[in-house]
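The report below is meant for a reader meeting this structure for the first time. Please keep the sequence and the model in view while reading.

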Amino acid sequence: MGHKTPLIINQFDYPARVLWLIHIIVAVALLCNGLLLKQTISLRRANALGSGKVSEYVTRFEPVRSLLPSRGRIGYMSGPNPEILNMEGDEYTAVQKEYRLAQYALSPVIVRPATADIVQELPLLIVDEYGGDFFDAQLRKKIVPPQGFVLVRDFANGLLLYRRERL
Amino acid sequence: MTSRLIVWLVMTLSVGYVCLRLLLPRARTSYLNFFTEVCLAFGLGIGVSSCVFFVCLLVSSNGSSWLFFTEGAILSAGSLFLLGFSKSFNRRSSRSYEPATNVESLPQLRFFAPLVYATTAFSLAVFLMYSFDARHGEYDGWEIWNMRARFLFRGGSHWADGFTNLLDYSHPDYPLLIPASIARSWFYGGVETQITAITIALAFTFGTIALLTFSLWQLRSKSQGLLAGLALVGTPFFIIHGASQYADVPLGFYYLATLVVLNLHEQVQSGPKPLVLAGITAGLSAWTKNEGVLFVGCIVLALVALSVASKGWKHCLDRLAPFCLGLFPILAVVAYFKITLAPPNDMVSGQGLAATLERLLTLSRYWDIGKAFVEQLFSFGVWHPYTNIPLLLGFYFLLLGVDFSQWSIGVGVCVAALVLMVMAYFMTYLVTPRPLQWHLMTSLNRLCLQLWPSFLFTYFLIVRTPERAMASDTKVKPQELGAYRQRGIESLAVADQARL
C-alpha cells in the first residue's frame with residue numbers, strides 16, 4: 001500500500017532543488033526588506049533620514065518671497081566673499097547647495113550667486129548668514145554688508161534682503 | 001483642498017483608463033487584468049495629461065481654465081465613444097485575451113503571495129518614512145523636478161523663465177512629464193503641496209512593482225510573476241530612490257510598460273491597437289527623461305529588425321505604422337519643447353569632432369566603463385553581500401533554463417531593446433564631455449535602476465516557470481511519482497510523461 005518513501009538523498013531531486021531555490025529567493029527578499037526597514041527606523045530615530053534640512057531651509061524663505069517681484073533676477077550670497085566652487089581638476093562647475101536651495105525656495109525669480117563680476121547688475125540681494133560656512137552664529141558679526149546696497153529688511157532668521165542703491 | 005486633490009486623482013486615472021480601454025482589449029480573467037490595467041491607466045493618465053497640460057500652457061498663460069476644459073472634453077469624448085460604440089468597436093477590432101496560466105500553480109507556493117504582500121508592506125513603510133522626512137525629495141527631486149514644477153505653477157504668464165542656462169546645474173533641457181504632472185496637480189488643488197509629488201512617486205514605484213508582477217502572472221504563471229515582483233521589491237535602492245522623487249523610477253515604469261504592452265499584443269494577435277499604446281508609452285519615456293529618446297530609438301530598431309527577420313518588410317510596416325501613430329504625437333510635444341524652450345543639452349553641446357574622436361580612441365575609457373558596468377551589475381541595488389538578488393537570479397537561470405516554447409517576437413524585442421540600451425548607455429559614457437569617473441559614479445547606478453524592471457520582465461519571460469521546469473523533468477520514473485505527489489505536482493509529472 002502506498003509508495004515506498006524515497007531516501008533523503010533522493011528527495012533532493014530536481015523539483016526539490018527548484019523549490020529550495022525559490023524559498024531562498026523569497027527569504028532573501030524578505031530579509032532585504034526587513035534590514036532596510038530596520039535601518040530606516042534607526043536612521044529616522046537619529047534624525048538622519050533624507051534631507052529634512054530642505055523643508056526647514058525652504059520655510060525660512062517664505063517671508064522673503066512675499067517681498068520679491070514675480071520675475072527677474074536677484075543675487076544670493078552666503079558670506080562676504082561668495083564664490084563658485086570648481087571641482088578638482090576639471091572645468092565642471094558646482095555651486096553651493098545653499099544657493100541651489102535658495103533658488104528652489106524663491107522660484108520663479110532667478111537667483112544668481114552674487115559673485116564680484118555681476119553683483120552690481122543685480123537689483124536685489126539676499127544675504128544668508130547661516131548658509132555656506134556661516135552656520136556658526138558667532139561668525140555673523142564678521143559679515144560685511146555688500147557695497148552699494150542698502151538693507152530692506154532683516155528677517156531675523158539669518159536672512160537679510162538688500163536693495164541696490166540708486167546712483 | 002482634499003476634495004480637489006481627489007478630483008485630480010480621479011481625472012488622472014480616468015484619462016488613462018479611457019485611453020487604455022480604447023487601445024487594449026479586455027482580458028477574460030477579472031482581477032489580474034484589473035491590476036495590470038490600473039497600473040497602465042495611471043501611467044498613461046499621468047503622461048497624457050502632462051502633455052495636455054503643457055499644450056494648455058502654450059495656448060494660454062492661464063493654463064488652468066484651458067486644462068479643465070480640455071481634459072473634460074477628452075474624457076467626455078472618450079467615454080461617449082466607449083459607451084456608444086463599445087459593442088461594435090470591440091467586435092470589429094479585437095477580441096478579449098486570455099492569460100497564459102495554462103499551467104497549474106504549485107500548492108507548495110501557496111505561502112508565496114502573502115509573503116510578497118508582506119515584503120511590499122515593509123517597502124511601503126520604508127517609502128512613507130523617507131517621504132515624510134524628505135517631502136521635497138533628494139537633490140534631483142527638488143533641484144530639477146520640483147523646482148521646474150514651481151516655475152510652471154508660480155510663473156503665471158512667465159512660466160518659461162526657468163528654461164534658462166543660468167540654471168544649467170538643474171538641467172533646464174530635461175523634459176517635463178514629472179514637473180508638468182506636479183504643477184497640474186497644484187492647479188487642480190489650487191495650492192502647492194508636496195503630497196501630490198509624493199503620491200506620484202509612490203504610484204510610479206509601486207505601480208512598477210504591480211505591473212511587473214501582474215503582467216508576468218498573466219503572460220507566464222503566478223509564481224513567475226510573484227518571483228519577479230519579489231526581486232524588484234527586494235532591491236532596496238529601488239524603494240529608496242522611488243521615494244527620493246527622482247525621475248529614474250517613472251522612466252523605468254514607461255520602459256516596462258512598453259515591453260509589457262508589446263508582449264500582451266503578441267498574446268492578443270489581433271488588431272494593431274496595442275501597438276499604438278506601446279508607441280504612446282515609449283513616447284512618454286522620452287517625455288520623462290532624455291534617456292527615453294535613446295529608448296525610443298532602441299525599441300524602434302529592435303521592432304524593425306525582429307519583424308523583418310521573422311516575417312519580412314510587409315509585416316514590419318504593419319507593426320511599425322501603429323507604433324509610430326502612438327509615438328509621434330508625444331514626440332511632437334517633446335520636439336516642440338526641445339526646439340523652442342529648452343537650452344542646448346550639455347552632453348550634446350560638449351561634443352566636437354576632435355574631442356569626441358579623442359574620447360572614442362582612448363582605450364582606457366572602454367576598460368573603465370566596462371569595469372564600472374560589471375561592478376554596478378551586482379551592487380547598484382544596495383544589496384547586502386549575503387542578499388544579492390542578481391547572484392540568486394544567476395543560479396535560478398542555471399537551474400531552470402530557458403523556455404524556448406514561449407519564445408516570440410515580443411520576447412526578442414525585449415532582449416534586443418535591452419542590449420541596445422546597454423550599448424547606448426556605454427556609448428554615452430564613452431563620449432561624455434564630463435569627467436568620466438565622476439559621471440560613472442554619479443549616474444551609472446541610476447541607469448541600471450532604470451533598466452532593472454525591464455530586465456526582470458525579460459528575464460522572467462525567458463526563464464522557464466517553476467511549474468513547467470518541474471513538469472518537464474524528464475527523469476520522472478513511475479516509482480518516483482509518489483515523491484511528486486507529495487509535492488503536489490503529480491498532474492504535471494503525469495502530463496509530462498504522457499507527452500514524452
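In chain A of this predicted model, confidence is lowest in strand 3 (residues 93-94), at a mean of 36, and highest in helix 4 (residues 62-65), at 92. The score behind these values is pLDDT, the predictor's confidence in each residue, from 0 to 100, while helices (H or I, at least four residues) and strands (E, at least two) are DSSP runs, numbered from the N terminus. Over residues 83-95 of chain A the pLDDT is below 50, and beyond near neighbours in sequence this stretch has 17 contacts in the model; residues 132-142 of chain A are also below 50, with 11 such contacts. Two residues are in contact if their C-beta atoms, placed from the backbone, lie within 7 Å.

Because this is a predicted model, local features need pLDDT of at least 70 and side-chain atom pairs count only at pLDDT 80 or more, whereas totals for chains, interfaces and linings use all residues. Residues are numbered from 1 along each chain as its sequence is written, and chains are lettered from A and ligands numbered from 1 in the order in which they are written.

For the model as a whole, the scores are ipTM 0.85 and pTM 0.89. The two chains are set out below; a residue counts as buried if 20 or more other C-beta atoms lie within 10 Å of its own, as exposed if 12 or fewer do, and as partly exposed in between, with C-beta atoms placed from the backbone.

| Item | Chain A | Chain B |
|---|---|---|
| Helices and strands | five helices, seven strands | 22 helices, zero strands |
| Buried residues | 32% of 167 residues | 49% of 500 residues |
| Mean pLDDT | 74 | 86 |
| Residues with pLDDT of at least 70 | 67% | 87% |

Read along the sequence, chain A follows the pattern α-α-α-α-β-β-β-α-β-β-β-β. Five strands of chain A form an open sheet in the order 4-1-5-7-6, with mixed pairing; two strands are said to pair if DSSP finds at least two bridges between them. Strand 4 (110-113) and strand 6 (149-154) of chain A stand at the edges with a single partner strand each, so one side of each is left without a neighbour in the sheet. From one strand to the next, the twist averages 30°, an angle for which axes are lines fitted to C-alpha atoms, for helices over the stretch in contact, and which runs from 0 to 180 degrees between N-to-C directions.

Within this sheet, strand 1 (residues 73-77) of chain A runs parallel to strand 4 of chain A and is joined to it by four bridges, and Ile74(A) stands opposite Val111(A) in strand 4. Strand 5 (residues 124-128) and strand 7 (residues 159-164) of chain A pair in the antiparallel sense over five bridges, with Leu124(A) opposite Arg163(A) in strand 7. Strand 6 of chain A is likewise antiparallel to strand 7 of chain A, through five bridges, and here Asp154(A) stands opposite Leu160(A). Strands 6 and 7 of chain A form a hairpin with four residues between them, and Ala156(A) in the turn has a positive phi of about 60°.

Turning to chain B, 80% of the contacts between residues at least 6 apart in sequence join residues at least 24 apart. Leu430(B) lies in helix 18 (residues 409-431) of chain B, and because it has 16 C-beta neighbours inside 10 Å, Leu430(B) counts as partly exposed. Not counting residues up to four places away in sequence, Leu430(B) touches Arg359(B), Leu360(B), Arg365(B) and Ile369(B).

The largest nonpolar core has 174 residues, and those with the most contacts inside it are Leu125(A), Leu456(B) and Phe457(B); such a core is a set of buried Ala, Val, Leu, Ile, Met, Phe, Trp, Tyr and Cys residues joined through C-beta atoms within 7 Å. Leu456(B) touches Leu212(B), Ala228(B), Ala231(B) and Leu232(B), again leaving aside residues up to four places away in sequence.

Where the chains meet, 59 residues of chain B are in contact with 44 residues of chain A. Helix 4 of chain B gives the most to the side of chain B that touches chain A, with 10 residues.
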